[in-house]
Amino acid sequence: MKAWLWRLRMWTAVSFGIVLVAVGLLPVLYFAALFAWQFNVLFDSGSWVPLPLTLVFTDHSLLQAGKTTPVLPFVPELP
C-alpha cells in the first residue's frame, strides 16, 4: 500500500511540474512568435511595425481606426 501511495505522489508531482512548465512557456512562445512576425513583416515590406508595450494595456476598441488595426489581433488585451 505504501509503495502505491508513493508512486501516486511522484506521478502527481511530475504531472504538476510538466503542466506548470507548459503554462509558463505559453507567454514566452507567444511573444517570440510576435517578434518573429515583426521580422517577417520587416523583410517583406521593408518597414518595422512598432508594437509599444502600451498597446497591451489600452482599450483596443479605441484603436480600431488608427494605424494599429492590422496589428491588433496579435497583441493581447490586458485589463
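**A guided tour along helix H1**

Begin by selecting Leu5, which lies in helix H1 (residues 2-45); helices are DSSP runs of H or I with at least four residues, strands are runs of E with at least two, and both are numbered from the N terminus. The model is predicted: local features need pLDDT of at least 70, side-chain atom pairs count only at pLDDT 80 or more, and totals for chains, interfaces and linings use all residues. Residues are numbered from 1 along each chain as its sequence is written, and side-chain values use heavy atoms, with hydrogens and water left out.

Leu5 counts as partly exposed because its relative accessibility is 36% (buried is under 20% relative accessible area, exposed over 50%, partly exposed in between, with a 1.4 Å probe and protein chains only).

Next, display H1 as a whole. Its 44 residues reach 64 Å from the first C-alpha to the last, close to the 64 Å expected at 1.5 Å a residue; the expected span is 1.5 Å times one less than the number of residues.

Move to Leu26, where H1 bends by about 30° (the angle between axes fitted to the seven residues ending there and the seven starting there). A proline, Pro27, follows within four residues.

Further along H1, select Leu34, Gln38 and Val41, which are buried. Then select Gly46, which follows H1 and has a positive phi, near 85°.

Finally, zoom out to the whole protein. Of the contacts (heavy atoms within 4.5 Å) with a separation of 6 or more, 21% join residues 24 or more positions apart.
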